[in-house]
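The exercises below are meant to be worked with the sequence and the 3D view side by side. Try each task before reading the solution that follows.

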Amino acid sequence: MATVETRALTKRFEASNAVDAVDLLVKEGEFLVLLGPSGCGKTTLLRMLAGLETPTSGDVLIGGEVVTGLAPRARNVAMVFQSYALYPHLSVRGNIAFPLRAAGAHRDEIANKVETAATMFGIQSLLQRKPRQLSGGERQRVALARAVVRNPVVFLLDEPLSNLDAKLRASARDELQQFQRRLGTTTVYVTHDQVEAMGLGERIAVLDRGRIRQLGTPLEVYHDPADTFVATFMGSPPMNLMETDHVIRGFRPEHCLPREVLGDGGEITPFALTVTRIEYLGADRLIYGTLEAPNPAARVIARLPSTITLPIESGKRYEFAVRTREIKYFDRETGLKRAPTAA
Ligand code: ATP
């Protein structure tokens, strides 16, 4: 267990900074997720933590010690990639034992540790198999088992679940979280999938173009986004944004409801919505529409739980509303969160 810290960490490729002066402090034992769109610098940042990429400037600290110049092996971190990179010619046992053999561990120690790791991930019965005889989920567990046998102080995981189908991904997420809690090993996890980030992370660092836009708990980044980038990157569908003269107002689709179902319970901001399209998602109904004055042509998406059975038809106009306290305000120039203002 150790803290992981970066100080003004920067990586420049050709003309631009893939990672741009990032200051980050991952607490001891924390599960931190690096989240952002493709190309925002997540993998490059993780590789610099691992020592696989040399920073252009800035420092990496593990357990309070500067490790910027140290080779990956000397950092005692374990990295698991999207591809798992298992050795195809080795059995599961051989794969898990590999880092211990490479470090010159004794035979008995190797046998013990392989056994413990295999038990932890429920793969004891697979030890004789080759990687090609495993499912994607089983391969992932082997890769994780191989990562834990060295007792690393930090786990660095780069989209390790992206090869799994949706159902398996959900259970693998659950497993991963349980084993991380059990081991208490500081973990940095890269993903572009916000659902995964929300479900796994104790805190999420949202990245955009090499910079951290916001660092907070899943609830903070979702309910109190620091800027319009975070507001629209988190949430599916994203936050609705409406530009007025000096300010951008935002509200989540689930807060936009037919006026009559909002009832009493605080001040509301009503508006007329002309419905253009309806999507049934099972548990929810998405209503796409356009607003009338004072926001001509602004597009809005409302998310109605299936418990609201009110008939709504495309092409018609309805009274919708948002509770005023659910409205977020952003500066029109900078996109940054700002104090509420009169409409
Ligand atoms: P993805 O989710 O698509 O993997 P990412 O957020 O992990 O994206 P990075 O792989 O860190 O993004 O890349 C960040 C930026 O740096 C990209 O614009 C990429 O093209 C660039 N980049 C990455 N590696 C190199 C390299 N070796 N040489 C030049 N540019 C690179």
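**Exercise 1. The second largest pocket**

Task: In this predicted model, determine which element gives the most to the lining of the second largest pocket, and then describe that lining by residue and by class.

Solution. Begin with the element: helix 4, which covers residues 107-120, gives the most to the lining of the second largest pocket, with four residues. Next, go through the residues themselves, which are Lys113, Thr116, Ala117, Met120, Val148, Val149, Asn151, Pro152, Phe155, Leu183 and Thr185. Sorted by class, this lining has seven nonpolar, three polar and one charged residues. Finally, the volume of the second largest pocket comes to about 150 Å³.

**Exercise 2. The largest pocket**

Task: Work out which residues lie nearest the centre of the largest pocket, which elements each supply at least two residues of its lining, and how the lining divides by class.

Solution. The largest pocket has a volume of about 630 Å³. Its lining consists of 20 residues, and those nearest the centre are Val77, Ala78, Met79, Pro99 and Arg150. Turning to the elements, at least two lining residues each come from helix 2 (72-75), strand 6 (77-80), helix 3 (92-102) and helix 5 (136-148). Strand 6 gives the most, with four residues. As to class, the lining holds 17 nonpolar residues and three charged ones, with no polar residue.

**Exercise 3. The surroundings of Glu5**

Task: Locate Glu5 in the secondary structure, then find its side-chain polar contact with Arg7 and its contacts beyond four places in sequence.

Solution. Glu5 belongs to strand 1, which runs over residues 4-13. Its side chain is joined to that of Arg7 by a polar contact of 3.1 Å. If the neighbours within four places in sequence are left aside, Glu5 is in contact with Leu24, Leu25, Asp59, Val60 and Leu61.

**Exercise 4. Backbone geometry**

Solution. Pro237 is placed in the loop between helix 9 (228-233) and strand 11 (240-243).

Now take the phi angles. Ala21 is not a glycine, yet its phi is positive, at about 55°; Arg209, also not a glycine, has a positive phi of about 45°.

For accessibility, exposed means over 50% relative accessible area and buried under 20%. Ala21, with a relative accessible area of 36%, is therefore partly exposed. Arg209 has a relative accessible area of 62%, so this residue is exposed.

**Exercise 5. Aromatic pairs**

Task: State how many aromatic pairs the whole structure contains, and classify the pair of Phe31 and Tyr189 and the pair of Phe229 and Phe233.

Solution. A search of the whole structure finds six aromatic pairs. The ring centres of Phe31 and Tyr189 lie 5.7 Å apart with their planes at 40°, so this pair is tilted. The pair links distant parts of the chain, since Phe31 lies in strand 3 (residues 31-35) and Tyr189 in strand 8 (residues 186-191), 158 residues apart. Both Phe31 and Tyr189 are buried.

The pair of Phe229 and Phe233 is stacked, with 5.7 Å from centre to centre and 10° between the planes. Phe229 and Phe233 both lie in helix 9, four residues apart, which is about one turn of the helix. With a relative accessible area of 18%, Phe229 counts as buried. Elsewhere, Phe121, Phe155 and Phe179 form one aromatic cluster, and Phe155 is also one of the residues lining the second largest pocket.

**Exercise 6. The whole chain**

Task: Describe the chain by its secondary structure, its span, its burial and its contacts.

Solution. The chain comes to ten helices and 18 strands, and its C-alpha trace spans about 75 × 45 × 35 Å along the principal axes. Of its 343 residues, 49% count as buried. Among the contacts with a separation of 6 or more, 64% are between residues 24 or more positions apart.

Key: Residues are numbered from 1 along each chain as its sequence is written. This is a predicted model: local features need pLDDT of at least 70, side-chain atom pairs count only at pLDDT 80 or more; totals for chains, interfaces and linings use all residues. Side-chain values use heavy atoms; hydrogens and water are left out. On a 1 Å grid over the protein atoms alone, a cavity is a set of points where a 1.4 Å probe fits but cannot get out, and a pocket is an open set with protein on both sides within 12 Å along at least five of seven lines; lining residues have an atom within 4 Å of a point. Grid points are joined across faces, edges and corners, and a volume is the space filled by probe spheres set on the points. Ala, Val, Leu, Ile, Met, Phe, Trp, Tyr, Cys and Pro count as nonpolar, Asp, Glu, Lys and Arg as charged, and the others, Gly among them, as polar. A polar contact is a pair of N or O atoms within 3.5 Å; within protein, one must be able to donate a hydrogen and the other to accept it, and residues adjacent in sequence count only if both atoms are side-chain atoms. Contact means heavy atoms within 4.5 Å. Buried means under 20% relative accessible area, exposed over 50%, partly exposed in between (1.4 Å probe, protein chains only). Rings of Phe, Tyr and Trp (its six-membered ring) pair if their centres lie within 6.5 Å; planes under 30 degrees apart count as stacked, over 60 as edge-to-face and the rest as tilted.
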